[in-house]
Amino acid sequence: MANTAQLLRRQSSRDIVLKSQKSIDQLELRELRGRLVPKEHGVSHHHHTSLHQHHQPMYGATNQGFMSDAFDESSELEQEPAFGSEASTSKAKAEILAAAAEQQDIVEGEKEGEERESWDSKIMFLLATIGYAVGLGNVWRFPYLAQKNGGGAFLVPYFIMLCVQGIPIFYLELAIGQRLRKGAIGVWSQVSPYLGGIGISSAVVSFIVALYYNTIIAWCLIYLLHSFESPLPWADCPTRLYKNFTYDHEPECVASSPTAFYWYRTTLQCSESVDMPENFNYHMAIALIVSWFLVYICMVQGITSSGKIVYMTAIFPYVVLIIFFFRGITLKGAADGVAHLFTPRWETLLDPVVWLEAGTQIFFSLGLAFGGLIAFSSYNPANNNCYRDAILVSLTNCGTSMFAGVVVFSVIGFKATATFDRCTEERASLVFQNRTSNLPICDLQKELANSASGTGLAFIIFTEAINQFPGAQLWAVLFFLMLFTLGIDSQFGTLEGVVTSLVDMKLFPNMPKEYIVGALCLSCCLISMCFANGAGSYIFQLMDSFAGNFPLLIIALFECLAISYIYGVRRFSDDIEMMTGSRPSFYWMFCWKYLSPAAMVTILMASLYQLVTDGSSYPAWIAAQGATQSMEWPHWCIVIAFILIFSSILWIPIVAVLRLCGIKVVEDTDPAWFPEAELKEVHGIVPHEPTELERSIFCFNMDGTEGMCCPKYGLPEKSLEEEEE
């Protein structure tokens with residue numbers, strides 16, 4: 001994902017001519033920029049309505065709403081008969097060019113006419129959004145949750161939560177970003193000046209999550225570098241030299257496994273608790289510096305160059321997954337692994353924890369409430385079909401999760417079968433020797449269930465299975481390169497919410513965008529050094545457990561409430577109809593106003609209840625045992641957890657209270673230019689008359705107002721005549 005907040009990259013003299021024309025003749029400019037069908041198509045302005053069904057969104061132009069690159073304003077001016085003759089046309093053009101130098105600064109600063117960079121193509125936007133939504137959680141979180149919570153039965157609450165919570169909020173964020181054409185802070189401040197804290201909270205959460213998420217990318221880089229070694233460094237236990245000059249395998253490694261030992265002791269250099277950071281991990285520090293430098297390089301140029309990176313970072317993981325799929329299904333035991341994943345255990349549906357984890361997984365796998373989706377959609381053409389995009393990306397995300405589950409458990413099935421076969425051979429050998437006591441217990445289902453979530457699945461279990469592949473180095477390179485591209489794609493989208501908010505707020509109006517990105521990446525890199533020590537992995541788990549779950553649920557809840565009860569569901573539906581040509585169905589409106597907020601409140605309350613009753617702990621590596629042991633967080637960690645949570649969500653009430661006191665945390669800005677009249681003409685929009693069901697369920701009134709709503713804080717309505725004046 002690229003930082004799409006950079007300034008115009010294709011500004012030319014024709015833009016200066018057009019902007020100067022606005023100062024000379026406002027009505028003429030409105031006519032020019034409202035022409036959705038270029039002049040050379042042979043269709044005049046009054047024929048737009050009859051051809052609106054053939055109109056496609058315009059990409060690749062840095063413009064307010066949509067503008068065809070083929071549209072030539074100069075030729076349009078020359079052909080315009082209003083000037084009367086060729087001489088008068090030349091004279092008018094000369095006056096425009098002469099006034100350009102004098103008025104350029106004034107015109108450039110006009111809020112209403114500010115242009116906004118756009119995606120080069122629709123496919124680039126889709127790939128960027130898919131790359132942002134599809135992340136590491138699809139590969140190492142969903143398979144674990146599915147096999148733990150009922151196998152195939154888990155898909156029932158998973159898809160119910162997708163329809164009730166996932167797609168509606170995804171659709172909402174894409175639509176509001178495309179309509180108001182600003183980042184998260186600008187959007188929610190535009191909805192209501194009292195709600196600017198929602199955007200700030202999204203930016204703060206994105207900053208915190210990006211801070212520790214890049215640590216995963218650093219881990220992937222370390223493993224990717226060592227994947228070229230032969231043999232793989234995690235394939236066998238290292239040896240230790242004793243004082244009597246004898247060699248033996250490292251006891252700690254023998255007690256655990258080569259992959260677990262390499263992960264905890266070589267890569268992380270884990271201490272035995274979060275209270276003992278011990279030595280500084282120089283290898284980890286170098287990997288963090290490299291990973292942040294790569295993020296900076298990819299983001300600093302914006303869409304101009306890094307937007308094209310999504311063609312690789314979004315597509316490559318699917319290529320690797322397909323390769324692993326065909327490799328995995330040919331392995332012995334793959335069928336047992338896939339069957340273990342999807343065999344339904346229907347009794348688990350009665351467990352409320354299963355529904356809680358399904359809703360949580362849907363919420364976080366789609367990347368909701370970070371502000372990245374709002375920022376991405378704000379650079380779409382004003383007539384882009386955001387509804388189709390929401391359905392496509394959401395289903396692609398869920399389909400990827402299931403496909404990744406098949407790939408992962410086909411390999412886990414192979415590993416479990418190999419372990420089961422060795423166990424049965426050892427048992428048979430002992431029985432053959434007439435040794436009937438202390439026989440090993442061989443259980444294939446237990447081995448299949450012995451999977452892990454998150455880093456344990458990727459860096460321990462999956463790497464152990466890869467060790468048994470012929471040509472293990474090649475498979476290791478492919479696997480960790482896939483994890484790297486998945487991670488860096490999501491990292492771009494997360495940081496996009498921060499950078500776009502900084503640019504839209506104009507906190508540093510005189511600072512070039514590349515300096516803002518550089519300062520952000522540098523500050524994150526310096527802070528992330530806290531992960532480069534023996535307790536670094538525990539600090540990572542602390543931030544992952546608290547910083548990115550409760551705040552995001554609360555932010556998304558306020559987003560739904562803001563649209564439903566302040567901006568207004570009816571007005572929001574009118575906007576979507578104006579942009580896409582079709583009105584949202586009753587179901588989506590019902591979700592925005594009732595179902596989605598209720599689902600998020602339920603998940604939030606259930607998560608808090610589970611945290612209070614079960615507590616929270618972390619797995620500490622005990623070197624003497626060669627295994628992890630669950631330990632309670634110390635008090636100072638609990639304090640940090642509360643700071644992480646409240647530093648994000650407190651912005652919502654703080655901004656509202658300060659606004660009531662007359663203090664502006666977020667400065668008011670004019671609405672971004674939006675071709676409302678032109679879109680209504682193109683799509684043939686007529687005022688919507690609410691049905692009896694809408695009036696009773698949503699409190700829609702016949703005079704256009706909406707009950708249970710405060711629309712007075714929304715955008716000011718302007719008629720065409722008022723704008724022309």
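**Close-up A. The disulfide of Cys423 and Cys442 in the predicted model.** Cys423 and Cys442 are joined by a disulfide, with their sulfur atoms 2.0 Å apart. The link is left-handed, at -90° about the S-S bond. Cys423 sits in helix 19, and Cys442 sits in the loop between helix 19 and helix 20 (444-449), so the bond ties together parts that are 19 residues apart in sequence. Cys423 has 15% relative accessibility and counts as buried. Cys442 has a relative accessible area of 22%, so this residue is partly exposed; the cut-off for buried is under 20%.

**Close-up B. The disulfide of Cys237 and Cys253.** The S to S distance between Cys237 and Cys253 is 2.0 Å. About the S-S bond the angle is -80°, and the link of Cys237 and Cys253 is left-handed. Cys237 belongs to the loop between helix 10 (196-226) and strand 1 (239-241). Cys253 belongs to helix 11 (residues 251-255). The pair therefore ties together parts that are 16 residues apart in sequence. Cys237 counts as buried because its relative accessibility is 16%, under the 20% limit. Cys253 is buried as well, with a relative accessible area of 1%.

**Close-up C. Disulfide count and pairing order.** The count of disulfides comes to 2. With the bonded cysteines of the chain numbered in sequence order, the pairing reads 1-2, 3-4. One of the links is Cys237 to Cys253. Another is Cys423 to Cys442. A disulfide is a covalent bond between the sulfur atoms of two cysteines.

**Close-up D. Cys220, a buried cysteine.** The relative accessible area of Cys220 is 0%, so this residue is buried.

**Close-up E. Cys521, a cysteine in no disulfide.** The nearest cysteine sulfur to that of Cys521 belongs to Cys524 and is 6.6 Å away. Cys521 is buried, with a relative accessible area of 4%.

**Close-up F. Ser410 and its contacts.** Ser410 lies in helix 19, which covers residues 386-432. Is Ser410 buried or exposed? Ser410 counts as buried because its relative accessibility is 1%. Which residues does Ser410 contact, leaving aside its neighbours within four places in sequence? Ser410 is in contact with Gly328, Ile329, Ala334 and Val338.

Notes: Residues are numbered from 1 along each chain as its sequence is written. This is a predicted model: local features need pLDDT of at least 70, side-chain atom pairs count only at pLDDT 80 or more; totals for chains, interfaces and linings use all residues. Side-chain values use heavy atoms; hydrogens and water are left out. Helices (H or I, at least four residues) and strands (E, at least two) are DSSP runs, numbered from the N terminus. Buried means under 20% relative accessible area, exposed over 50%, partly exposed in between (1.4 Å probe, protein chains only). Contact means heavy atoms within 4.5 Å. A disulfide is a pair of cysteine sulfur atoms within 2.5 Å.
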